[in-house]
Amino acid sequence: MNYWLIKSEPGTWSWDDQVKKGTEHWNGVRNYQAANNMKAMRIGDRCFFYHSVNEKRIVGICEVVKEYYPDHTDESGRFGMVDVKALYPLQTPVTLEQVKADERLNHLALVRQSRLSVMPVDAEAWALICSLGGVEP
């Protein structure tokens, strides 16, 4: 299993929206690096759901349930999407400030490439963030 972090503006698509919908496509990604990360996602991979903009915190965990396929919102036909299913919230959201303050996490793209919307998370960082969030890895 691989681990990822997916970002969304909570005013556009929030964790609560994801939970209500259950399973939904993750569309609208127009960055090639983020798209390549989505191409690498496999069914069963886990994703942190991150609220960007004002909140800047990891709030939940999703699972990839459908691998990369064409994004119907992309008129150019260059980009795709995956489907993710909400699993459960973090007991305690983990803020960007907490991630940046922990030197064991300073290698993450969340710290180094703050604008990247879909990024990998290594297994050790996944376990540490889950622990900070009060959930099992």
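**Notebook: cavity, pocket, rings and cysteines**

I looked up the largest cavity and found about 40 Å³ of space in it. I note at the outset that the model is a predicted one. I then asked how many cavities of 30 Å³ or more the structure holds, and the count is one.

I listed the lining of the largest cavity next. Leu-5, Phe-48, Ile-58, Leu-108 and Ala-109 belong to this lining, and so do Leu-110, Met-119, Pro-120, Val-121 and Ile-129. I sorted these residues by kind and recorded 10 nonpolar, no polar and no charged. Helix H4 (109-112) and strand E6 (118-121) each supply at least two residues of this lining. I marked E6 as the source of the largest share, three residues.

I turned to the largest pocket, which holds about 650 Å³ of space. I counted 23 residues in the lining of this pocket; Lys-7, Ser-8, Glu-9, Ser-52 and Ser-117 lie nearest its centre. The elements that give two or more residues to the lining are strand E1 (3-8) and strand E2 (23-26). Of the elements, I noted that E2 gives the most, with three residues. By kind, the lining of the largest pocket divides into eight nonpolar, nine polar and six charged residues.

I described each pair of rings by the distance of the centres and the angle of the planes. The count in this structure comes to five aromatic pairs. I looked up Trp-15 and Phe-49, whose pair is edge-to-face, with 5.5 Å centre to centre and 70 degrees between the planes. This pair links distant parts of the chain: Trp-15 is in helix H1 (residues 15-21) and Phe-49 in strand E3 (residues 46-51), 34 residues apart.

I then examined Phe-48 and Trp-126. I recorded both Phe-48 and Trp-126 as buried. Ring pairs join Phe-48 and Trp-126 with Tyr-3 into a cluster. I recall that Phe-48 is also one of the residues lining the largest cavity.

I found Lys-66 lying over the face of Tyr-69, at 4.0 Å from the ring centre.

How many disulfides does the structure hold? I found zero. I looked up Cys-47 and saw that the closest cysteine sulfur, in Cys-62, is 6.4 Å from its own sulfur, which is too far for a bond. The cut-off for a disulfide is a pair of cysteine sulfur atoms within 2.5 Å. Cys-62 is likewise in no disulfide, the sulfur of Cys-47 being the nearest to its own. I checked the accessibility of each: Cys-47 is buried, with a relative accessible area of 0%, and Cys-62 is buried, with a relative accessible area of 0%.

Definitions and conventions
Residues numbered from 1 in each chain as written. Predicted model: local features only at pLDDT ≥ 70, side-chain atom pairs only at ≥ 80, totals over all residues. Heavy atoms only, no water. Phe/Tyr/Trp six-rings, centres within 6.5 Å; stacked < 30°, edge-to-face > 60°. Helix = DSSP H or I, 4+ residues; strand = E, 2+ residues; numbered from the N terminus. Buried < 20%, exposed > 50% of the residue type's maximum accessible area, 1.4 Å probe, protein only. Lys NZ or Arg CZ within 6 Å of the ring centre and 35° of its normal. 1 Å grid on protein atoms, 1.4 Å probe; cavity = no way out; pocket = protein on both sides within 12 Å on 5 of 7 lines; lining within 4 Å. Points joined across faces, edges and corners; volume = space filled by probe spheres on them. Nonpolar A, V, L, I, M, F, W, Y, C, P; charged D, E, K, R; others polar.
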